[in-house]
Amino acid sequence: MSGQIQVDLERRLGDFDIRARFTAEEAGITALFGESGAGKSSVIAMIAGLLRPDRGRITVGDAALFDSAAGIDRPAELRRTGCVFQDARLFPHMNVRANLLYGHRRTLPGDRLVAFDHVVGTLDLGRLLRRRVHNLSGGERQRVAIGRALLRSPRLLLMDEPLASLDAPRRAEIIPLIEHLRDAFAVPIIYVSHRFDEIARLAERLVLIRDGAVTAEGPLEEMLGGPDGRDDDADILAGTVIQGRLAGRDGLHGLARLSIGGGHMMIVPDPGLPEGSPLRVHVRARDVSIALSRPADISILNIFPGTVAKLREPAGPHTDVGVRLDGGEEAILWARLTRCSALRLRLRPGLAVTALVKAVAVDPLGRHHS
């Protein structure tokens, strides 16, 4: 597939209006993020062909799935989209093999680009093939649902809250599989969730949906400072995702050193990965402090010299401070301070400061693809 996924939709559902316009990239994961009831699942249903828009256009590369002006409305079974929902939706009268082959057999032979054995091996489904659906755990059912969707050889994979019904251990089991299939199958994914920890770990691009409308979109790292002019989203997005590589581990203390560029090392909780592994971490803005000089005799392990690059005042009694670390490139570490503290320190763009991050406040998100 070449080109982007373009979505421009309108639909009235009772007294609720959906007005969604955004772009997803041809590779990686684009996340639709917002509170429950924001309209995310309705957007996914319209892309999949399960709900007809009142007006709009959906294109995947050079193929139009829906175009109200041109009279195009491809049936769901011809859109070549794979769908994974919160409740798996497997066929209870079939075993795992038959569920998987259902997706494969509904794809025209000339469009079959994904091999059965590849999917089974990637998702570790071999030992489950003869099992009935009612004998599977929640995590196993979702793995089968993902496999069935992949065996449609989709041009686009739609995942609507696929982890919402799982407990923490099962979520921890499925998330690395989603990361792996993103890289192994090179299929673009539109991923819906109301949990920001999932979004921060998985997505490259973020689309915010509020009350049925897209309020902002862009690369995840750029969006995390809070989109300009969207004070109501600032609290959700205040933070930083940092890409790095593990440079060493301290097994005695349960810590690891993450090389984040510019000659800086960030001390993080040990993620249990080998040295040299790529890793993405999330730092909440409220867990970053600012000092005008390097403090002495302090428990905080991450102490980074830098320069104030941006100041932003979202709704509420606080100020967001973007600090560019010395020797770094364009990446910015965001801190959320009370407005009182920002005024007391006389923070302004260009001012030399020190950013402080507690190691226990850093969330290792997992491997990123490099």
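Me: What should I know before I start?
Reply: Residues are numbered from 1 along each chain as its sequence is written, and side-chain values use heavy atoms, with hydrogens and water left out. The model is predicted, so local features need pLDDT of at least 70, side-chain atom pairs count only at pLDDT 80 or more, and totals for chains, interfaces and linings use all residues.

Me: How are two packed helices described?
Reply: By the angle between their axes and the distance between the axes. Helices here are DSSP runs of H or I with at least four residues, strands are runs of E with at least two, and both are numbered from the N terminus. Axes are lines fitted to C-alpha atoms, for helices over the stretch in contact, and angles run from 0 to 180 degrees between N-to-C directions.

Me: At what angle do the axes of helix 4 and helix 5 cross?
Reply: Roughly 15 degrees, and the axes come within 10 Å. Helix 4 covers residues 138–150, and helix 5 covers residues 168–185. Angles under 35 degrees count as roughly parallel, over 145 as roughly antiparallel, 65 to 115 as roughly perpendicular, and the rest as oblique. Helix 4 and helix 5 are therefore roughly parallel.

Me: Which residues meet there?
Reply: Contact means heavy atoms within 4.5 Å. From helix 4 come Gly 139, Glu 140, Gln 142, Arg 143, Ile 146 and Leu 150. From helix 5 come Arg 170, Glu 173, Ile 174, Leu 177, Ile 178, Leu 181 and Phe 185. They divide into 7 nonpolar, 2 polar and 4 charged. Ala, Val, Leu, Ile, Met, Phe, Trp, Tyr, Cys and Pro count as nonpolar, Asp, Glu, Lys and Arg as charged, and the others, Gly among them, as polar.

Me: Is Ser 153 buried or exposed?
Reply: Ser 153 is buried, because its relative accessible area is 2%. It lies in the loop between helix 4 and strand 8 (156–160). Arg 346 counts as exposed, at 66%. Its loop runs between helix 9 (339–344) and strand 20 (352–357).

Me: Where is Thr 59?
Reply: In strand 4, residues 55–60. Thr 59 is buried, at 7% relative accessibility. Leaving aside neighbours within four places in sequence, Thr 59 contacts Gln 4, Ile 5, Gln 6 and Ala 64.

Me: What does Asp 287 touch?
Reply: Leu 356, Val 357, Lys 358 and Ala 361, not counting residues up to four places away in sequence. Asp 287 sits in the loop between strand 15 (278–284) and strand 16 (288–291). Asp 287 is partly exposed, at 21%.

Me: How many disulfides are there?
Reply: A disulfide is a pair of cysteine sulfur atoms within 2.5 Å. The count is 0. Cys 83 is partly exposed, at 24%, and Cys 340 is exposed, at 54%.

How values were computed. Buried means under 20% relative accessible area, exposed over 50%, partly exposed in between (1.4 Å probe, protein chains only).
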